[in-house]
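Take a look at the model below. We will go from a helix to a few side-chain contacts.

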Amino acid sequence: MWELVKAGGWLMLPIIVCSIVALVIIIERGKVLRMGLLAPSGLREQLISQLRTKGDINKNTLLAIKGESPLGDILATGLLYRQYGLDSMTMHMQNRASVQIHTLEKNINMLGTIGAIAPLLGLLGTVLGIIISFLAVTDGSMQDPAMLAGGVSQALITTAGGMFVAIPALMAYRYFQRRIVDINAKFESEAGLLIQEMYDYGLMKDSPQKEPSQASEPVAHSQHQE
């Protein structure tokens, strides 16, 4: 293996660095982007059950749920702001979902970048190898056979090395992209079902902003009577 790296020339160094970075990102994102870890099953049902039995959920309990998982963060945030009405609740859940998705996309673009530049590095090695091969042949005669062989081997090895790094990097990049889309859809589905079930069971709280307008009607009516 080391002989192949040496034969590929100095361009094999950035290709190896790209392969190491890609491998680290794939392992790290593979551990993080697990549906069971990000969106625990039964969480929404648990929150609705507590609301139906107790009428409310303690703020400290909701703060603890926020720190346990991204889905918990989204749903607990909505419940913390439900007293301000549906619009406020929905807006805060959307904001937290955007933050969580942005966090989950960490380093994903780096995989796509590696998948794009690794073949270019291999192509650059190919061009340099061909140049070395042509330099070995001048005036129709071969001056240095070893130089010719070294140029050809560099061209082939760097090309293979670049493709070897780019293919799994691009596959992982596309997979993680799709995984994040599925996770985002799960977040949206769970948040929508939470709001729907709260309406179905009469668990929504009216916005405090409605109270002054309701209270002002009798006052206006009494003034009219006078």
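Why is helix α6 (residues 70-80) largely enclosed by the rest of the structure? Ten of its eleven residues are buried, so the helix is largely enclosed. Buried means under 20% relative accessible area, exposed means over 50%, and partly exposed lies in between (1.4 Å probe, protein chains only). The buried residues of α6 are P70, L71, G72, D73, I74, L75, A76, T77, G78 and L79. Helices here are DSSP runs of H or I with at least four residues, numbered from the N terminus.

A word on the basis. This is a predicted model: local features need pLDDT of at least 70, side-chain atom pairs count only at pLDDT 80 or more, and totals for chains, interfaces and linings use all residues. Residues are numbered from 1 along each chain as its sequence is written, and side-chain values use heavy atoms, leaving out hydrogens and water.

Now the aromatic rings. Rings of Phe, Tyr and Trp (its six-membered ring) pair if their centres lie within 6.5 Å; planes under 30 degrees apart are stacked, over 60 edge-to-face, the rest tilted. Searching the whole structure gives two aromatic pairs. Y81 and Y84 have ring centres 6.2 Å apart and planes at 40°, so this pair is tilted. Y81 is partly exposed at 31% relative accessible area. Y84 is partly exposed too, at 44%.

Another ring meets a charge. The charged end of R52 sits over the ring of Y201, 3.9 Å from its centre. The test asks for NZ of Lys or CZ of Arg within 6 Å of the ring centre and within 35 degrees of the ring normal.

Last, G36. This residue lies in helix α3 (residues 35-38). G36 is exposed, with 58% relative accessibility. G36 and S69 stand 33 residues apart in sequence, and their C-alpha atoms are 9.6 Å apart in space.

Terms used
Helix = DSSP H or I, 4+ residues; strand = E, 2+ residues; numbered from the N terminus.
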